[in-house]
Amino acid sequence: MNGTPPNPPLDAVEPLRQHLSDFAVPILGGLPIGHDADARSVVVGAMANMDADRGVLTQRPDETTVSETS
């Protein structure tokens, strides 16, 4: 079959693995974040610890990389 299937799976992890594999960076996907009914909230700009081997993201909302502006 050529072209895009009518309902392609929504998986961004595999293209990221393909494009980032040469950089030796951890890639973690499949977390319950986003727009699903059972999704968790993630603070944009918050620091986090990632364990890609275990599939765990631990957010540290008290440490952020975003500065407040008036």
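The following exercises, with worked solutions, concern a predicted model of one protein.

In this predicted model, local features need pLDDT of at least 70, side-chain atom pairs count only at pLDDT 80 or more, and totals for chains, interfaces and linings use all residues. Residues are numbered from 1 along each chain as its sequence is written, and side-chain values use heavy atoms, with hydrogens and water left out.

**Exercise 1. Architecture and confidence**

Task: State which secondary-structure elements the protein contains, and where confidence is lowest and highest.

Solution. 
1. Helices (H or I, at least four residues) and strands (E, at least two) are taken as DSSP runs, numbered from the N terminus.
2. The protein has one helix and two strands, and their pattern along the sequence is α-β-β.
3. Confidence is expressed as pLDDT, the predictor's value for each residue from 0 to 100. The mean for the protein is 74, and 73% of the residues reach 70 or more.
4. Strand S2 (residues 56-64) has the lowest confidence, at a mean of 75, whereas S1 has the highest, at 85.

**Exercise 2. Burial and contacts**

Task: Determine what share of the residues is buried and what share of the contacts joins residues at least 24 apart.

Solution. 
1. Buried means under 20% relative accessible area, exposed over 50%, and partly exposed in between (1.4 Å probe, protein chains only). Of the 70 residues, 6% are buried.
2. Accessible areas come from the Shrake-Rupley method with a 1.4 Å probe; for residues, only the protein chains shown count as cover. The accessible surface of the protein is about 6300 Å², and carbon and sulfur atoms account for 52% of this surface.
3. A contact means heavy atoms within 4.5 Å. Among contacts between residues at least 6 apart in sequence, 17% join residues at least 24 apart.

**Exercise 3. Salt bridges**

Task: Find how many salt bridges the model contains, and describe the accessibility of the partners Arg-17, Glu-14, Arg-40, Asp-38, Arg-54 and Asp-51.

Solution. 
1. Side chains of opposite charge can pair when their charged atoms come close. The criterion is a side-chain nitrogen of Lys or Arg within 4 Å of a carboxyl oxygen of Asp or Glu. The count by this rule is three.
2. Arg-17 pairs with Glu-14 at 3.9 Å, N to O. These two residues are about one helical turn apart, because they are separated by three residues in helix H1. Arg-17 is partly exposed at 42% relative accessibility, and Glu-14 is partly exposed at 37%.
3. Arg-40 pairs with Asp-38 at 3.5 Å, N to O. Arg-40 is partly exposed, at 47%, while Asp-38 is exposed, at 53%.
4. Arg-54 pairs with Asp-51 at 3.4 Å, N to O. Arg-54 is exposed, at 62%, while Asp-51 is partly exposed, at 25%.
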